[in-house]
Amino acid sequence: LIYNELYNGLCKLDSDNTDTYQNNMNDYIAKLDDLDGRYKTMVSNAALDTILVADRFPFRYLTSEYGINYYAAFVGCSSETEASFETVTFLSKKVDELGLNYIVVVDGSTQDVAKTVLESTKSKSQNIIVLDSMQAVGMNRINNGETYLTIMENNLTVLEEVLNN
């Protein structure tokens with residue numbers, strides 16, 4: 001795995017700190033395993049198994065890994081910003097059909113598609129909520145202590161809210 005390659009490379013460059021690198025790697029792997037377990041538990045206990053993303057969709061890996069069904073306005077990280085009438089109609093009908101209370105967007109989104117989908121639902125009462133795709137993590141966020149783990153923990157909280165309506 002990649003972390004073993006990183007570990008081995010660091011140890012070759014700095015053999016005096018092999019124990020530190022080993023301890024750090026083991027600690028990080030334990031944190032990843034814990035987070036993975038929390039995602040699995042959350043999904044298995046969730047009331048719903050489907051999210052609706054009225055935006056780009058860079059979460060295929062996440063939904064596939066944890067068995068979350070999804071509907072999305074755009075495939076992958078498409079640069080499209082305007083959804084077709086058919087797409088908006090389809091998504092708003094899915095929100096109504098599935099009784100969803102949340103419409104998901106990606107960090108940095110204008111939320112235009114989500115707002116149009118929302119206005120096309122019967123109740124017009126859904127909340128728009130943000131999942132962080134980590135595609136625009138700048139130094140300011142890093143300097144404020146954000147890491148892969150903290151972002152994915154926040155995404156876990158968001159998904160728990162979405163899947164439990």
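This is a predicted model: local features need pLDDT of at least 70, side-chain atom pairs count only at pLDDT 80 or more; totals for chains, interfaces and linings use all residues.
A residue is taken as buried when its relative accessible area is under 20%, as exposed when that area is over 50%, and as partly exposed in between. On this scale F90, with a relative accessible area of 41%, is partly exposed.

The secondary structure of the chain comprises 7 helices and 4 strands. Read from the N terminus, these elements follow the order α-α-β-α-β-α-β-α-β-α-α. Along the principal axes, the C-alpha atoms occupy a box of roughly 65 × 35 × 25 Å. The accessible surface of the chain amounts to about 9,700 Å², and carbon and sulfur atoms contribute 50% of it. Of the 165 residues in the chain, 35% are buried. Among contacts with a separation of 6 or more, 62% involve residues 24 or more positions apart.

Helix packing was considered next. Two packed helices are described by the angle between their axes and the distance between the axes. Helix α2 spans residues 18–45 and helix α7 spans residues 148–163; their axes come within 10 Å and cross at roughly 5 degrees. Because angles under 35 degrees count as roughly parallel, α2 is roughly parallel to α7. On the α2 side the contact is made by Y28, K31, L32, L35, R38, Y39, M42 and V43, and on the α7 side by Y148, L149, M152, E153, N155, L156, L159, E160 and L163.

Y71 belongs to strand β2 (residues 69–72) and F90 to helix α4 (residues 85–98), so that the pair links distant parts of the chain, 19 residues apart. Y71 has a relative accessible area of 26% and is partly exposed, as is F90 at 41%.

Two loop residues were examined individually. D55 is located in the loop between β1 (50–53) and α3 (60–66). With a relative accessibility of 7%, D55 counts as buried. Apart from its neighbours within four places in sequence, D55 is in contact with A73, F74, V104, V105, V106 and S109. The C-alpha atoms of D55 and G67 are 20 Å apart in space, the two residues being 12 residues apart in sequence.

T147 is situated in the loop between α6 (139–143) and α7. Its relative accessible area of 40% makes T147 partly exposed. T147 and V137 are 10 residues apart along the chain, and a distance of 9.1 Å separates their C-alpha atoms.

Definitions and conventions: Residues are numbered from 1 along each chain as its sequence is written. Side-chain values use heavy atoms; hydrogens and water are left out. Axes are lines fitted to C-alpha atoms, for helices over the stretch in contact, and angles run from 0 to 180 degrees between N-to-C directions. Angles under 35 degrees count as roughly parallel, over 145 as roughly antiparallel, 65 to 115 as roughly perpendicular and the rest as oblique. Contact means heavy atoms within 4.5 Å. Buried means under 20% relative accessible area, exposed over 50%, partly exposed in between (1.4 Å probe, protein chains only). Accessible areas come from the Shrake-Rupley method with a 1.4 Å probe; for residues, only the protein chains shown count as cover.
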